[in-house]
Amino acid sequence: MKFFLDTANLEEIKRCATFGFLDGVTTNPSLMAREGISDQTARIEEICRVTEGPVSAEVLAVETEGMVAEAKTLADIAPNVAVKIPLTLPGLAATRELSDHGLAVNLTLVFSPLQALLAAKAGAAFVSPFVGRLDDIGADGMDLVESIVAIYNNYAFETEVIVASIRSPQHVLRAALIGADICTVPFKVIETLAAHPLTEKGLAAFLADHRKAADKRHNPSSH
Ligand code: E4P
């Protein structure tokens, strides 16, 4: 399973790149706004310099023609830009046109298996089901991921499933068990994935035992 970082914060991306498992980045207009950015071009350029993996940048147009034009401008920023387009009928039409021209499209704001089926048929490189937002309204977001993976397997679609709107390590675990291709994870959740109290406790004990043995070697009479 690939790990994307779900942020527009450059420091988080640079730091995550040092961990050795960063496969890409996803942004959206809200994440850009959180960084105080209204023109995303420069930030997308900077992110693409940090990671070679796909970097999703979202269009703001809502009609097909505007989406296609905006997508082409975004794709010109760097070869690893994936254009994020909302899953609407105009968005599907734009996806067909852009994917026919060889552009990677990430169809976003996906909340049903049938939306995901249409995304694959339109030639999207990625589909982004939003699991946390479904959980927020009392549904089970990971059920959606399970259905999408089953449908894509039935027809051998090549569209990669990006589990998005992740809120907890449990989402990441279930995504891996289901066999989703990618999780896009906020930095604060990424940090928790490597943490376990028994790892910390075990490490502290190993270091304390080593210190005791080293003290004994240097001061044999003090024991
Ligand atoms: C990523 O592609 C999505 O835009 C993001 O995961 C949405 O997350 P949120 O529901 O926490 O805003």
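**Aromatic pairs and helix packing**

At 55% relative accessibility, Y155 counts as exposed (over 50%; buried is under 20% and partly exposed lies in between, using a 1.4 Å probe and protein chains only). This is a predicted model, so local features need pLDDT of at least 70 and side-chain atom pairs pLDDT 80 or more, while totals for chains, interfaces and linings use all residues. Residues are numbered from 1 along each chain as its sequence is written, and side-chain values use heavy atoms, with hydrogens and water left out.

**Aromatic pairs**

- Searching the whole structure turns up 7 aromatic pairs (Phe, Tyr or six-membered Trp rings with centres within 6.5 Å; planes under 30 degrees apart are stacked, over 60 edge-to-face, the rest tilted).
- One of them is F19 with F187: the ring centres sit 6.3 Å apart with planes at 25°, so this pair is stacked.
- F19 comes from the loop between α1 (10–17) and β2 (24–26) and F187 from helix α10 (residues 187–193), so the pair ties together parts 168 residues apart in sequence (helices are DSSP runs of H or I, at least four residues, and strands runs of E, at least two, numbered from the N terminus).
- F19 is partly exposed at 32%, whereas F187 is buried at 11%.
- Y155 and F157 make a tilted pair, 6.0 Å centre to centre with 45° between the planes.
- F157 is partly exposed, with a relative accessible area of 24%.
- F3, F19, F21 and F187 are joined into a cluster by ring pairs.

**Helix α6**

- A116, A119 and A120 are buried in α6 (residues 113–121).
- Looking down the axis, the buried residues of α6 fall within an arc of 95°, so they line one face of the helix (the arc covers directions from the helix axis to the C-beta atoms).
- L114 and K121 are exposed on the other side of α6.
- Among the elements covering those buried residues are α5 (89–100), β5 (105–110), β6 (126–129) and α8 (141–155).
- After α6 comes G123, with a positive phi near 90°.

**α1 against α3**

- The axes of α1 and α3 (residues 41–50) come within 10 Å and cross at roughly 10° (axes are lines fitted to C-alpha atoms over the stretch in contact, with angles from 0 to 180 degrees between N-to-C directions).
- The two helices, α1 and α3, are therefore roughly parallel (under 35 degrees; over 145 is roughly antiparallel, 65 to 115 roughly perpendicular, the rest oblique).
- From α1, L10, I13, K14 and A17 meet R43, E46, I47 and V50 of α3 (contact means heavy atoms within 4.5 Å).
- By class, the α1 contact with α3 has 5 nonpolar, no polar and 3 charged residues (nonpolar: Ala, Val, Leu, Ile, Met, Phe, Trp, Tyr, Cys and Pro; charged: Asp, Glu, Lys and Arg; polar: the others, Gly among them).
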